[in-house]
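Have the structure open as you read.

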2 protein chains.
Amino acid sequence: MKPLILITNDDGVAAKGLRALVEVAMEFGDVVVMAPTANASGQSHSLTTTRPLRVHEVKKEEYRSIYACDGTPVDCVKLAVEYFCPRQPSLVLSGINHGSNSSINVLYSGTMGAVIEATTLGLDSIGFSLLNHNPEADFSGCLPSVRHIIGYVLKHGLPTDVSLNVNIPRLDAGAIKGIKICHEAKAQWRDSFEKRIDPQGRPYWWLTGKFVCDNPDETSDEWALANGYVSVVPIHPDFTCYEAFNSLKPMTTDSL
Amino acid sequence: MKPLILITNDDGVAAKGLRALVEVAMEFGDVVVMAPTANASGQSHSLTTTRPLRVHEVKKEEYRSIYACDGTPVDCVKLAVEYFCPRQPSLVLSGINHGSNSSINVLYSGTMGAVIEATTLGLDSIGFSLLNHNPEADFSGCLPSVRHIIGYVLKHGLPTDVSLNVNIPRLDAGAIKGIKICHEAKAQWRDSFEKRIDPQGRPYWWLTGKFVCDNPDETSDEWALANGYVSVVPIHPDFTCYEAFNSLKPMTTDSL
């Protein structure tokens, strides 16, 4: 039996990047798509608990089913695994995102929220992002990398509790120098809310911001991307900072 | 000048746990509250980018200002730091959450999303959660622990890029055995969507689930909480799994 590949994203079921990913995945197995009905960027690992979810069947074929769900990317993964996958998926994919999810952006990313959720369910999973925000972005340059990485993971599997955050530079396939295993670069969003006044004289604030990453080291994803490489960051869902244990010891107490 | 403490939560500006945290924080400094107008549980690290934010001034006093914002907990931190704090906060607090944010729940938690966001802005930050979901929960038992930890962090600071995830068992203060530095227990949500049919005959799905944590080891937060201790997990915002680098080496390539 062919492997089953579950695919979601955060740009919505109609996104061009999702269609590109489905095309590559179908070379490897049967595909179920469960993607947000509309754009769900910036939704991180959020869940829908205050209302129920609705699902719309977009397309149903022998080797490919496409559903749209009015929840978050994490909701999509959970609901698809339980109700819409005819068997356990061999792999969960998310993307191809229109825009970078490198470095600290993994915190905010709905694309990567879905990937990490799949890991918590015990499934191998990969998030793909192209460094091009344009809704009409050309995904042809990244397809060889996507194909290589999907093929590798289906053949070799991933370490327990590890998923992959793959970012791909905006280059023609021939210009991409290769694939590098990287760590997240240390970076920051310098926020700057733009305050405006509405016609009734009341203030409101629009979030804007500037991504700042000074001197990324050569093993970081930002360095790889800036130098023409695909960055692959292994991700795990445990936020514990083990290095901090000793320095926090003096806080412990047996009396309060 | 007294330290400035910024406080947010994900249960909303009217939550009892927020009021309890404000009372303790005012023993240490001036307080600015910027909390979601309504309940924002399960919103993780999500951001609002598709509409602007509105802010409502709830209370303005010399040593305490309280604002409500119609965004996520992460939005609240970003906007408060830029526009509503009269000076750089010495500490950012989130909570006291009504219900646990231990173990894997940090992924979904709006309370902890706000805390991690503050870390990315270079600010010391702590999330507090009481293991009691009840909106009328009694917070008196956890106040000595909250006071101890805030006092410690204001005096000694936190390691760079590290915040604290503090969970407190549902016990009287005298019954709490002490404070332990822990790692996140390995746990899982076993989801089970409940499918229902609406009066028009169309299906919809409600998210439900069961938290499963088998045999947590003695250095984990779940063990500490089950045995009467307050758990303090140092958290960092880098999801990279460095241990996986070697095993993924064979995936790298210089030709595609």
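## Salt bridges within chain B

D198(B) counts as buried, with a relative accessibility of 8% (buried is under 20% relative accessible area, exposed over 50% and partly exposed in between, using a 1.4 Å probe and protein chains only). Its side chain meets that of R202(B) in a salt bridge at 3.3 Å, N to O; the rule asks for a side-chain nitrogen of Lys or Arg within 4 Å of a carboxyl oxygen of Asp or Glu. R202(B) itself is partly exposed at 45%. Elsewhere, K2(A), D30(A) and R87(A) are joined into one network by salt bridges that share partners.

With E61(B) the N to O distance is 2.9 Å, and with E23(B) it is 3.7 Å. Helices (H or I, at least four residues) and strands (E, at least two) are DSSP runs, numbered from the N terminus. R64(B) is buried at 16% relative accessibility, while E23(B) is partly exposed at 48% and so is E61(B) at 36%. Over all chains, the search of the whole structure comes up with 22 salt bridges.

## About the model

This is a predicted model, where local features need pLDDT of at least 70, side-chain atom pairs count only at pLDDT 80 or more, and totals for chains, interfaces and linings use all residues. Residues are numbered from 1 along each chain as its sequence is written, chains are lettered from A and ligands numbered from 1 in the order in which they are written, and side-chain values use heavy atoms, leaving out hydrogens and water.

## Where the chains meet

Contact here means heavy atoms within 4.5 Å, and by that rule 87 residues of chain A are in contact with 86 residues of chain B. The area buried between chain A and chain B is about 7600 Å², with carbon and sulfur atoms giving 65% of it; this is the accessible area (1.4 Å probe) that two parts lose on being put together, summed over both. On the chain A side, W205(A), F239(A) and M251(A) lose the most area to chain B, together 12% of what that side buries.

The rule finds 4 salt bridges across this interface. K186(B) and D161(A) also pair up through their side chains, at 3.0 Å from N to O.

## The cavity

How many cavities of 30 Å³ or more does the search of the whole structure find? It finds 1. On a 1 Å grid over the protein atoms alone, a cavity is a set of points where a 1.4 Å probe fits but cannot get out, and lining residues have an atom within 4 Å of a point. The largest cavity has a volume of about 120 Å³, taken as the space filled by probe spheres set on the points, which are joined across faces, edges and corners.

Of its 17 lining residues, the closest to the centre are S44(A), F239(A), S44(B), L107(B) and F239(B). The elements giving two or more residues to this lining are α3 (110-120) of chain A and α3 (110-120) of chain B.

How values were computed
1 Å grid on protein atoms, 1.4 Å probe; cavity = no way out; pocket = protein on both sides within 12 Å on 5 of 7 lines; lining within 4 Å.
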